[in-house]
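Colleague: Could you take me through this model and tell me what lies behind the labels you use?

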Amino acid sequence: MERKELLDALRKNNAHLCARESLTGGKFSSAFTSIPGASNAFNGAAITYVDGIKEKFGVSPSTISQYGAVSSQCAKERADNASLFFNAECAVSFTGNAGPAGSENKPVGLVYIAIKVFNTLETFELHLKGDRDSIRRQCVDFAFLTRKKRLDEISSERNSQSHPI
């Protein structure tokens, strides 16, 4: 249900969405574009796994060397750059470790999702449980729910500022 509601919220705000995916492998974009009418609000997506390709799409090499590709800093840069690249007011980026192997610093289930709605950019650190497919599905579900809530909140703030009572 929240998927169609997100499309409706984007339309209501005359906003467009884009995505920069990694561990989700296009699952977010696929889920969104399966909604009839999504083409009116979805500008595009890119799936980038390799660090060098992430850099070509705007992630600073120093961000990757200092924090790693699985980091809040990388997620933020990916969302911010995606909104510019795809000319979209809203962007989501995913980076994390869905398994099967993890490390001490980047365990399986560690995920960063950055959500940009207009000029507000937030990053969420998640510690998810489950197998690879379950972790990826949880990421997509979280992004849909959170994006819709943030779009509604920011839309409300923008409307109250432009129409003071």
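Modeller: Gladly. This is a predicted model, and the structure holds 3 salt bridges.

Colleague: What makes Arg 3 and Asp 141 a salt bridge?

Modeller: The label needs a side-chain nitrogen of Lys or Arg within 4 Å of a carboxyl oxygen of Asp or Glu. Between the side chains of Arg 3 and Asp 141, the N to O distance is 2.9 Å, so the pair qualifies. This pair links distant parts of the chain: Arg 3 sits in helix H1 (residues 2-12) and Asp 141 in helix H6 (residues 132-162), 138 residues apart.

Colleague: Why is Arg 3 called partly exposed?

Modeller: Buried means under 20% relative accessible area and exposed means over 50%, with partly exposed in between. Arg 3 has 28%, so it falls in the middle class. Asp 141, at 31%, counts as partly exposed too.

Colleague: How do you know that Asp 8 and Lys 4 form a salt bridge?

Modeller: The N to O distance between their side chains is 2.6 Å, and the limit is 4 Å, so the label holds. Both residues lie in helix H1, 4 residues apart, which is about one turn of the helix. An α-helix has 3.6 residues a turn, so residues three or four places apart point the same way. Asp 8 is partly exposed at 33% relative accessibility, and Lys 4 is partly exposed at 38%.

Colleague: Which residue forms a salt bridge with Asp 80?

Modeller: Lys 116 does, with the closest N and O atoms 2.6 Å apart. Here too, distant parts of the chain are linked: Asp 80 is in helix H5 (residues 72-85) and Lys 116 is in strand S4 (residues 110-117), 36 residues apart.

Colleague: Is Lys 116 buried or exposed?

Modeller: Buried: its relative accessibility is 11%, and the cut-off is under 20%. Asp 80, at 31%, counts as partly exposed.

Colleague: Which residues of H5 are buried?

Modeller: Cys 74, Ala 75, Arg 78, Ala 79, Ala 82 and Ser 83. They cover an arc of only 160° around the axis, which puts them on the same side of H5. The buried residues of H5 pack against strand S1 (17-21), helix H3 (51-56), helix H4 (61-67), strand S3 (90-96), S4 and strand S5 (120-127). Just after H5, Asn 87 takes a positive phi of about 50°.

Colleague: On to the rings. How many aromatic pairs are there?

Modeller: A search of the whole structure finds 7. One of them is Phe 32 with Phe 42, a tilted pair.

Colleague: Why is the pair of Phe 32 and Phe 42 called tilted?

Modeller: Their centres are 5.6 Å apart, and the limit for a pair is 6.5 Å. The angle between the planes is 40°; under 30 degrees would count as stacked and over 60 as edge-to-face, so tilted is the label that remains. Phe 32 lies in helix H2 (residues 27-33) and Phe 42 in strand S2 (residues 42-47), so the pair ties together parts that are 10 residues apart in sequence. Phe 32 is buried at 0% relative accessibility, and Phe 42 is buried at 15%. Phe 28, Phe 32, Phe 42, Phe 94 and Phe 144 form one aromatic cluster.

Methods: Residues are numbered from 1 along each chain as its sequence is written. This is a predicted model: local features need pLDDT of at least 70, side-chain atom pairs count only at pLDDT 80 or more; totals for chains, interfaces and linings use all residues. Side-chain values use heavy atoms; hydrogens and water are left out. Helices (H or I, at least four residues) and strands (E, at least two) are DSSP runs, numbered from the N terminus. Buried means under 20% relative accessible area, exposed over 50%, partly exposed in between (1.4 Å probe, protein chains only). The arc is that of the directions from the helix axis to the C-beta atoms. Contact means heavy atoms within 4.5 Å. Rings of Phe, Tyr and Trp (its six-membered ring) pair if their centres lie within 6.5 Å; planes under 30 degrees apart count as stacked, over 60 as edge-to-face and the rest as tilted.
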